[in-house]
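Hi,

Here is the structure I promised to pass on. Could you look it over when you get a moment?

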Amino acid sequence: MDTFLMTYQSFTTPTKLLHKLIERYNVPNHLDLEEREFEKLKKAVKLRVCTVLKVWIKRHFKDFSQRLLREVYDFINTSLPTDGLLQMAKMLRAEISKHLDGKEDMTQVGMTQTEMDPKVPKNIFSPKLSIFDIDEEELARQQTLIEFRIYSKIQPTELLNLAWSKPHLKHRAPNVMELISKFNILSRWVTTCIVTTKKIRDRVKMFQRFIKLGECFRAINNFNGLMAILSGLNDSSVYRLKFTREEIPRRDKTTLQDLDTLMSTESSYKVYRETLSKSAICVPYLGVFLTDLTFIEEGNRDYLANLINFSKRKLICDVIFSVQRFQRNSYSIRPVHQIITLFEKLDPLSTQKCYELSLEIEPRGKERADIL
Amino acid sequence: MSNVSDSLLLKLIIIGRSMAGKSCILLRFCDNKFESNLGFTIGVDFRFVSLNKNDETIGLQIWDTAGQERFRTITSSYYRDADGVMIVYDITDENSFDQVDHWFDEISKQAPPSVVKILVGNKTDLENKRKISTERGLNAANSRSCPFIEVSAKSGENVKKAFEMLVDAWTEKSKQHITKPRKKKARQKITNESFEKKDKGNCC
């Protein structure tokens, strides 16, 4: 039932499902059963329908629009009392009002841990505060908080039917889209910072800061943030900066290599998958889930001989369960609004522009002595 | 499989706009019966395929990040050490064809110079919705001097051939350079043991 309620929207709508349930509730006497037998069957079916409805409301309350909720109320208030299911009606109404009061949203875990004091610089209240005044560790923590907030809001329906990759379904996956957008801004910002640093000595330092930031993301299991840093550093406009890379101290180079290996596409992210499976509180790299979903969606038919291919839904559900597994445990990080605002305001250059700048700072065919 | 220990392992990557059918091509190539196979699960190893060519077994390690097109992750690390790139567009989608130039640029910036390419137009099963003529595809490929083929991941038409052509192009190129010393590190040979390990996916 879990799998069904999680994925039914890939082939039908909540309204249709409710109508089908109500239809099922009104059992017809198809089988010409004796009166007594039929009564028994009818009662069992009705109870089962109510149970499904209850689980549906409990676990997927977001599926119910105002209008649909009114239909549910109608059903509860008219059909159930007629059949003497007063207790059940009461339970269902209680379940709904619980959600309407927003009590169910309070189930966040993780706040029990004591929050550490944030590491902030002395000029934290200064209007001139720059992102580079702040320790990488704290930067990583605050960005992680931003990303986790979005990640934890991702709904199962956003992950159905490859909604995020289809222009006409994009609106169905708002949180997935937002997380991707944050990812790309962070990644482009990393590239921008490197190529806009004119002197090679400063550029090497900048590079080292980002390796450190990546390391800090790794330390708190923010694989999404880590991947964004790596993709920024592996962008062609940074990757081609041969002299800059050569001057990075060996220790940092090794760290970067280790991080690259962790997030490598090799064997379908084997190393990363193993690391993730051992993590408790984390922000997973969403892309791997999206690739898995793509292969499941494209590799299996929706219908088999006119029947819904439920095995496919089961596979999709396994991925959604993995996404949800990491939504439950939230970080105990104290937000620092000044830093969060700095991240929200990042305004990196375009990939094209970055490449042009890259060619300016280390032109093709030049020797080390020619570089600033 | 007598020749396995001598066989080559090539790293191929597939790129193209989302919904161009990259994953379908790979799925089709890995297992012609994938659609009816209910037990199909995403295994870590399923992107290893072996191809028999003139009594020689060539291992193909295929990288595909379908589903991640909106992420800015197709970067140098992805192209590093690639032997071949398959650029896929959808013959019914003008936008996906427009991006072909962009992909060629990316490859020239990021992939090693020795890399071989093939341009693939997918979805020939949708002939009535075709927007990109075969000629346009061919011209685009010719101007970049790389092979071209149209396929249908849905029917399976030409899918295997596309991979074979890419491998042929690689063989051809490596022959030309045979007298020159290889710049790249010695190509990874597959031992019997590691081949079996990598081959346990349910695809071939």
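Predicted model: local features only at pLDDT ≥ 70, side-chain atom pairs only at ≥ 80, totals over all residues.

**Chain A against chain B**

How many residues of chain A are in contact with chain B? On the chain A side there are 50, and they meet 35 residues of chain B. The size of an interface is often given as the accessible area lost when the parts come together. Here chain A and chain B bury about 3600 Å² between them, with 57% of that on carbon and sulfur atoms.

For polar links, 15 residue pairs are in polar contact between chain A and chain B, counting pairs with both residues at pLDDT 80 or more. The rule also finds 1 salt bridge across this interface. Which side chains form it? They are D235(A) and R72(B), at 3.0 Å from N to O.

As for where the chain A side comes from, the elements giving two or more residues to it are α7 (174-195), α9 (223-233), α10 (236-239), α13 (266-277), α14 (286-299), α15 (310-325) and α17 (351-361) of chain A. The largest share belongs to α14(A), with 11 residues. By class, the chain A residues that touch chain B split into 18 nonpolar, 21 polar and 11 charged.

**The two domains of chain A**

Chain A is divided into domain 1 (2-100) and domain 2 (131-370). Residues 135-364 of chain A come out at 66% helix and 2% strand, with 35 Å between the end C-alpha atoms.

What separates the centres of the two domains? Taken over C-alpha atoms, it is 42 Å from domain 1 of chain A to domain 2 of chain A. The domains do touch: 9 residues of domain 1 are in contact with 15 residues of domain 2. Together they bury about 1100 Å², and 71% of this is on carbon and sulfur atoms. Within domain 1, T3(A), M6(A) and F11(A) lose the most area to domain 2, together making up 52% of what that side buries.

Polar links between the domains are as follows: 0 salt bridges, and 1 residue pair in polar contact with both residues at pLDDT 80 or more. The domain 1 side of this contact has 3 nonpolar, 4 polar and 2 charged residues.

**A couple of local details**

Over all chains, the whole structure has 34 salt bridges. One of them pairs E137(A) with K119(A), at 2.8 Å from N to O.

Leaving out residues up to four places away in sequence, K198(A) touches R203(A), I361(A) and L372(A). The C-alpha atoms of K198(A) and I371(A) are 9.4 Å apart, although the two residues are separated by 173 residues along the chain.

Happy to talk any of this through.

Cheers

Conventions. Residues numbered from 1 in each chain as written. Chains lettered and ligands numbered in written order. Heavy atoms only, no water. Contact = heavy atoms within 4.5 Å. Buried area = accessible area lost by both parts, 1.4 Å probe. Salt bridge = Lys/Arg side-chain N within 4 Å of Asp/Glu carboxyl O. Polar contact = N/O pair within 3.5 Å; in protein donor to acceptor, adjacent residues only side chain to side chain. Helix = DSSP H or I, 4+ residues; strand = E, 2+ residues; numbered from the N terminus. Nonpolar A, V, L, I, M, F, W, Y, C, P; charged D, E, K, R; others polar. Domains from an automatic or database assignment.
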